[in-house]
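Please keep the sequence and the structure in view while reading.

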Amino acid sequence: MFATNHLGAFAVTKALWPALDGARVVTTSSGAHRAWTIALDDLQASRFWHPLRQYGSTKLMNILFTRELAK
């Protein structure tokens with residue numbers, strides 16, 4: 001889920017970055033990000049898997065990534 005929901009958007013954005021030339025990047029997220037935090041020591045959820053937790057965490061990653069792009 002981490003690879004699909006977050007790394008996929010990151011990889012596409014990085015690959016297209018040179019061609020964007022000041023264009024706006026829109027990243028889709030979800031309100032599910034409010035209920036979870038990011039477990040930096042377990043990004044693949046190999047120690048504890050819960051689908052909603054993982055989904056919410058990846059959507060939070062999307063939001064944080066987009067905020068950094070905006071800077």
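## The largest pocket

The largest pocket has a volume of about 170 Å³. A pocket is an open set of points on a 1 Å grid over the protein atoms alone, with protein on both sides within 12 Å along at least five of seven lines; lining residues have an atom within 4 Å of a point. Grid points are joined across faces, edges and corners, and the volume is the space filled by probe spheres set on the points.

The lining of this pocket is made of 13 residues, and A9, T13, V25, V26 and T27 lie nearest its centre. Two elements, α1 and α2 (51–70), each give two or more residues to that lining. The largest share, six residues, comes from α1. Sorted by class, the lining has six nonpolar, five polar and two charged residues. Here Ala, Val, Leu, Ile, Met, Phe, Trp, Tyr, Cys and Pro count as nonpolar, Asp, Glu, Lys and Arg as charged, and the others, Gly among them, as polar.

## About the model

The model is predicted: local features need pLDDT of at least 70 and side-chain atom pairs count only at pLDDT 80 or more, while totals for chains, interfaces and linings use all residues. Residues are numbered from 1 along each chain as its sequence is written, and side-chain values use heavy atoms, with hydrogens and water left out.

## The cavity

A search of the whole structure finds one cavity of 30 Å³ or more. In a cavity, a 1.4 Å probe fits but cannot get out. The largest cavity holds about 40 Å³ of space. Its lining consists of A39, D42, L43, R53, Q54, S57 and M61. By class, these are three nonpolar, two polar and two charged residues.

## Helix α2

Helices are DSSP runs of H or I with at least four residues, and they are numbered from the N terminus. Helix α2 has 20 residues and reaches 29 Å from its first C-alpha to its last, close to the 28 Å expected at 1.5 Å a residue. The expected span is 1.5 Å times one less than the number of residues.

Several residues of α2 are buried, including R53, Q54, S57 and M61. Buried means under 20% relative accessible area, exposed over 50%, and partly exposed in between, with a 1.4 Å probe and protein chains only. The buried residues of α2 pack against α1.

## H6 and N62

H6 lies in helix α1 (residues 2–20) and is buried, with a relative accessible area of 11%. Leaving out residues up to four places away in sequence, H6 touches M1, T58, M61, N62 and F65. Contact means heavy atoms within 4.5 Å.

N62 lies in helix α2 and is buried at a relative accessible area of 2%. The side chain of N62 reaches the backbone oxygen of N5 at 3.0 Å.

## Two positive phi angles

Most residues other than glycine have a negative phi. Which values does phi take at D21 and A45? Phi of D21 is near 45°, and phi of A45 is near 55°.

D21 is found in the loop between α1 and α2, and A45 lies in the loop between α1 and α2 as well. D21 counts as exposed, at 72% relative accessibility, whereas A45 is buried, with a relative accessible area of 7%.

Definitions and conventions:
A polar contact is a pair of N or O atoms within 3.5 Å; within protein, one must be able to donate a hydrogen and the other to accept it, and residues adjacent in sequence count only if both atoms are side-chain atoms.
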